[in-house]
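This briefing sets out selected features of a protein model, grouped by topic. Please read it alongside the sequence and the coordinates.

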Amino acid sequence: MQQIIIAILLGIITGWGLNHYLDASQTKEVASYINIITDVFLRLIKMIIAPLVFATIVSGLISISGSSSVGRITIKAMVWFIIAGLVSLGIGMLIANVFQPGVGLNVVVPQEEVNTGLNTSGFSLKNFISHIFPSSFASAMANNEILQILIFSIFFGAALSYICHNNKKKSLFVTLIEDLAHIMFRITDYVMSFAPIAVFAAIASAITVQGLSLLYDYGKLIGLFYIGLFLLWAVLSGVGFFFLGKGMFSLMKLIREPVALAFATASSESAYPKTMNALDRFGVPKKISSFVLPLGYSFNLDGSMMYQSFAILFIAQAYNIDLSVTEQILIMLTLMITSKGMAGVARASVVVVAATLPMFSLPEAGILLILAIDQFLDMGRTATNVVGNSISTAVIAKLEEKQSGAEQKEQSSKIAQEV
């Protein structure tokens, strides 16, 4: 954690120096070379994500006794994800409505269509549902499609559990997958040792090109967005404290490093291994963390959802377009669906916003207003995604522990009565 904080500070100082003493063309060229470090690190992370998710999900499913546990955990997780999503969207809209960051910009709606450079095609409910199911496991692994890997892993893990249960002995496949999980965690340790260097490069590159002045120009928008994130953190922490008690403080302490890593690199994938490790140290059983956490990476993106509702209302205000309460509710419900197709899409939150704008007759060119500072917004929303997924996994583990304990107690009582 200390190394990452130092890397962030050094990155800011280095980026400011390069931006100050180099001209515009030189800063872009220098930043492109600095980005090589970040790109290599993120490639190494992507290299381990697919086999790590597959191995942990399958081994977790095998360790869960009985299919009822899988269904029970899934229902609890989805209920949490839906409620957390609505709360996140609601906070984003609340902050935008109360403080109105876009009012006064008086941007004129362009007469011609503006190319935003974002691919918004394919963001429909039909395409999303069909995309969930892999046509090829190899393709899903190659493209790091976490949701598709999750689906295949559930089928594979369920089938392997069935075979082991019928044969009443441990299959060789189980041993191989458990060994694969251990190997991937060891590789993860090797890769994560380069994290501080990658964090330094990511921050230095962004500041080299954009400069610190960008933070001043968009200070109000960035400030209000982070106020919204702080409020969301407070709500999530409050709910976490309700279920976990004082353990909530221990959890927040344990996830500081993955949160800082996610913030600096603006990549949830980079924080996945360390988040798994933090939850393991907190006491969350691997059978739950290895199932709920990957599920949350597709369905529980609290920071991203808050950003989407906030950004859409900001754009509407900038163009002096009034949205009624009914329209805002429809936007919220639409985002609940479209945001679920974000996994594996580059700059996914921005793409979802760009795809949603024309649905409500809002100018798609409005996305250009926030593209310049998206890197700084992305850092906050990505860190929030990690916090939300960590708390949800810990709470679901706690609820499952209580329910399993109650069931065992009831079973023991029945046996005693029969005797």
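A residue counts as buried when its relative accessible area is under 20% and as exposed when that area is over 50%, with partly exposed in between. Gln 317, at 11% relative accessibility, is therefore buried. The model is a predicted one. The protein has 19 helices and zero strands, and buried residues make up 49% of its 419 residues.

**Overall contacts**

- Among the contacts in the protein with a separation of 6 or more, 84% are between residues 24 or more positions apart.

- Two packed helices are described by the angle between their axes and the distance between the axes.
- Helix H12 covers residues 256–265, and its axis lies 8 Å from that of H13, at an angle of about 175 degrees.
- Because an angle over 145 degrees counts as roughly antiparallel, H12 and H13 are roughly antiparallel to each other.
- On the H12 side, the contact is formed by Glu 257, Pro 258, Leu 261, Ala 262 and Thr 265, which meet Ser 270, Ala 271, Lys 274 and Thr 275 of H13.
- By class, the residues of this contact of H12 with H13 comprise four nonpolar, three polar and two charged.
- Helix H13 (residues 268–282) also packs with helix H14 (residues 286–299), at an angle of about 155 degrees and with the axes 10 Å apart.
- That angle makes H13 roughly antiparallel to H14.
- The crossing in which H13 passes H14 is right-handed.
- H13 contributes Ser 268, Glu 269, Ala 271, Tyr 272, Thr 275, Met 276, Leu 279 and Asp 280 to the contact with H14, whose residues there are Lys 286, Ser 289, Ser 290, Leu 293, Pro 294 and Tyr 297.
- Seven nonpolar, four polar and three charged residues make up the contact of H13 with H14.

- Asp 23 is located in the loop between helix H1 (2–21) and helix H2 (24–63), while Ser 25 belongs to helix H2.
- With a relative accessibility of 39%, Asp 23 counts as partly exposed, whereas Ser 25, at 53%, counts as exposed.
- The side chains of Asp 23 and Ser 25 are joined by a polar contact of 2.9 Å.
- Asp 23 and Val 209 are 186 residues apart along the chain, and their C-alpha atoms are separated by 9.8 Å.
- For Ser 25 and Val 209, the distance is 9.3 Å from C-alpha to C-alpha, at 184 residues apart in sequence.

**Gln 317 and Gln 100**

- The buried Gln 317 is placed in helix H15, which spans residues 302–318.
- Not counting residues up to four places away in sequence, Gln 317 touches Ala 96, Asn 97, Gln 100, Pro 101, Gly 102 and Val 103.
- One of these residues, Gln 100, lies in the loop between helix H3 (67–99) and helix H4 (125–132).
- Gln 100 is partly exposed, with a relative accessible area of 37%.

**Positive phi values**

- Most residues other than glycine have a negative phi.
- Gln 100 has a positive phi of about 45 degrees, although it is not a glycine.
- Asn 320, likewise a residue other than glycine, has a positive phi near 55 degrees.
- Asn 320 is found in the loop between H15 and helix H16 (325–338) and, at 49% relative accessibility, counts as partly exposed.

- Arg 381 sits in helix H19 (residues 374–418) and is buried, at 1% relative accessibility.
- Leaving aside neighbours within four places in sequence, Arg 381 is in contact with Phe 225, Leu 229, Gly 303, Ser 304, Tyr 307, Ser 349, Val 350 and Asp 374.
- Leu 301 occupies the loop between H14 and H15 and is buried, with a relative accessible area of 9%.
- The C-alpha atoms of Leu 301 and Thr 382 are separated by 8.2 Å, and the two residues are 81 residues apart along the chain.

Notes. Residues are numbered from 1 along each chain as its sequence is written. This is a predicted model: local features need pLDDT of at least 70, side-chain atom pairs count only at pLDDT 80 or more; totals for chains, interfaces and linings use all residues. Side-chain values use heavy atoms; hydrogens and water are left out. Axes are lines fitted to C-alpha atoms, for helices over the stretch in contact, and angles run from 0 to 180 degrees between N-to-C directions. Helices (H or I, at least four residues) and strands (E, at least two) are DSSP runs, numbered from the N terminus. Angles under 35 degrees count as roughly parallel, over 145 as roughly antiparallel, 65 to 115 as roughly perpendicular and the rest as oblique. A crossing is left-handed if the near helix is turned anticlockwise from the far one by less than a right angle, and right-handed if clockwise. Contact means heavy atoms within 4.5 Å. Ala, Val, Leu, Ile, Met, Phe, Trp, Tyr, Cys and Pro count as nonpolar, Asp, Glu, Lys and Arg as charged, and the others, Gly among them, as polar. Buried means under 20% relative accessible area, exposed over 50%, partly exposed in between (1.4 Å probe, protein chains only). A polar contact is a pair of N or O atoms within 3.5 Å; within protein, one must be able to donate a hydrogen and the other to accept it, and residues adjacent in sequence count only if both atoms are side-chain atoms.
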